[in-house]
Each structure stands twice: as structure tokens, then as C-alpha cells.
Amino acid sequence: MVNYSKSVLIVGASGGLGTAIAQRLAGPDILLVLWGRDLARLQNTATLCSAAGAVTQTRSLDLRDIAAALAAMAADDAATPFDMVVFAQGRGDIRAADDRVEQPGLVAELALVNFTGPATLAAAMGQAMAARGKGRIVLIGSAAGFHSLPFATAYAGTKAGLARFADALRLALRGHGVSVTLVSPGFIDTAAGRQVPGPKPMLMAPDVVADRIVRAAEQGRAHLVLPWPFVVLRWLDRLLPRAWRDRLLLSLAPPA
């Protein structure tokens, strides 16, 4: 077994944010294991990271096949135990213009991609890291998880569920040398993000977000919300009387 100064698994490395995180971590004597669905984009990420001196391994798989993903994670972790795992995969969507809520199939898919998949894999990784007495787990949620968005019930709900899971996992692993960091970002300027219609206030560059995420993980922070105005919006949602909050949320028009 080759010894690296750091071994990192990035789930969702073919996406814009996953690529930015991989580039931020890339360097000599670093092993980056990159997972993603889009093989061409995954190989591009690997090329960028290899140019920075990192050793890269890629695996193209559909994370909706949880049994296969669990087996792959166990195999990759056994080969070179991970110091850090970043779950950067996810899917966002809103209801169709002529629907009152999202279609049932979309709800099921978002639940699998945004919650069931990362939570299952993070639980397995937490168990393995706790047995070793060290490790860092990063789960990418969303600022949308703070709010009951009536035009994106499945997205907001799955990200809210992931946030609660991340906090519970953090407590479960406390005292076992494993940190769990939840990241709740606002709008990020990625290809996937640009496909979502509507205004995107306080849009952030992926490399800036990636830098903040890596620093938060290395510090063992429990929760990173960015940009900072979303912290204010989170507390506003909590403090407003329910009737006022409901009226405000219902006034939000779905993106055209």
C-alpha cells in the first residue's frame, strides 16, 4: 500500500463544485479518488488535479444504485483508507409551471440523490473512520434547507433532512476522532446552477466556495453557511411568527 499524506474521496467530482473542491485539495503526495456520473467531466477533473501533482483515481457510477456505491466505497477505502470524504453530489429542481407540487417521481429521485444516498454512504464511512479513530466527513446541503419553499418542496425537504442527519451524525461520532461538517451554500455559479431559472442573488464562484469548504473541514467546523446573509435569512425564518412567515414564503413566485 502506497502511503499518501492525505487520501480524499470526492463524491460528485464531475460537477462544478466537486471539481473546484478537487482542485483546491490537489497537490503533491495527495490521493484524490474521484466519483461521478459523467465520465468525460470526471476525466477532465482528474487531468486538472494530476497537473497540480495529485495522484488521481476515477470511478464512474450511478449513485442511485446505493448497494453498488456502498461496495465501491468499501473497496476504495480498503485499498487506501480515506482521511476525508466530501459528498458533493446533488440535484436541484422546482415544480413545473402547471403543477401545484412536484411530480411523485421527481420527489422520489431527489430523496434518493439528495438524502438517502449521501446519508447511507456517510454512515458507512463514519463507521469505518470511527474504527480507525480519525477522519473528516463533509456533506454539502443547501441554504434552501432552512426554508419551506412551496415551489421546491422536494429540494428544500431533502436538504433539510440532510442537515438534520449531518448534525446527528456529528454527535454520534463525537469522541471517536471523526468530524462532520455540513455546508449550506446559497447560489453557486456552476453549469448545473445556471440551468435553474430565476434570479440568483449573491452568486458565488465555485473556487471561492471550495476554498471555504476545505478550510471549514480542516478546522472541524460543524456548520458552514455561505454567503453570510443567508445566516440572517435563516434566523428570520425561525423568528417570524408562522403566519407572517407563511405569507412571505407564499409570496415567492417560482422561477419562470
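In this predicted model, proline 227 sits in the loop that links β7 and α8. Most peptide bonds are trans.

Helix α8 covers residues 229-239. Its buried residues are Pro229, Phe230 and Asp237. Viewed down the axis of α8, these buried residues fall within an arc of 95 degrees, so they line one face of the helix. They pack against two elements of the chain, β7 and α9. Strand β7 spans residues 223-226, and helix α9 spans 242-250.

Most residues other than glycine have a negative phi. Aspartate 29 belongs to the loop between α1 and β2. Helix α1 comprises residues 16-25, and strand β2 comprises 30-36. Aspartate 29 has a relative accessible area of 41% and is partly exposed. The cut-offs explain the label, because buried means under 20% and exposed means over 50%.

Alanine 52 lies in another loop, between α2 (39-51) and β3 (55-60). Its relative accessibility is 38%, so alanine 52 also counts as partly exposed. With neighbours within four places in sequence left aside, alanine 52 is in contact with Ala26, Gly27 and Pro28.

Strand β3 contains threonine 58. This threonine is partly exposed, at 40% relative accessibility. Beyond its neighbours within four places in sequence, threonine 58 is in contact with Leu34, Leu42 and Ala46. Tyrosine 155 is 97 residues from threonine 58 in sequence. The C-alpha atoms of this pair are 28 Å apart.

Threonine 80 provides a buried case. Its relative accessible area is 13%, which is under the 20% limit, so threonine 80 is buried. The residue is placed in the loop between α3 and β4. Helix α3 runs through residues 66-79, and strand β4 through 84-87. Not counting residues up to four places away in sequence, threonine 80 touches Val2, Tyr4, Ser7 and Leu31.

These local features belong to a chain with nine helices and seven strands. The protein chain has 256 residues, and 45% of them are buried. A compact globule with 256 residues would have a radius of gyration near 18 Å. The protein chain has 18 Å, which agrees. Its C-alpha trace spans about 60 × 40 × 35 Å along the principal axes.

Contacts across the sequence were also counted. Among contacts between residues at least 6 apart in sequence, 70% join residues at least 24 apart. The accessible surface of the protein chain is about 12,300 Å². Carbon and sulfur atoms account for 58% of this surface. The charged side chains comprise 26 positive and 19 negative ones. The centres of these two sets are 7 Å apart.

Methods:
Residues are numbered from 1 along each chain as its sequence is written. This is a predicted model: local features need pLDDT of at least 70, side-chain atom pairs count only at pLDDT 80 or more; totals for chains, interfaces and linings use all residues. Side-chain values use heavy atoms; hydrogens and water are left out. Helices (H or I, at least four residues) and strands (E, at least two) are DSSP runs, numbered from the N terminus. The radius of gyration is taken over C-alpha atoms; the globule rule is 2.2 Å times the number of residues to the power 0.38. Buried means under 20% relative accessible area, exposed over 50%, partly exposed in between (1.4 Å probe, protein chains only). Contact means heavy atoms within 4.5 Å. Accessible areas come from the Shrake-Rupley method with a 1.4 Å probe; for residues, only the protein chains shown count as cover. Lys and Arg count as positive and Asp and Glu as negative; His and the chain ends are not counted. The place of a charge is taken as NZ of Lys, CZ of Arg, CG of Asp or CD of Glu. The arc is that of the directions from the helix axis to the C-beta atoms.
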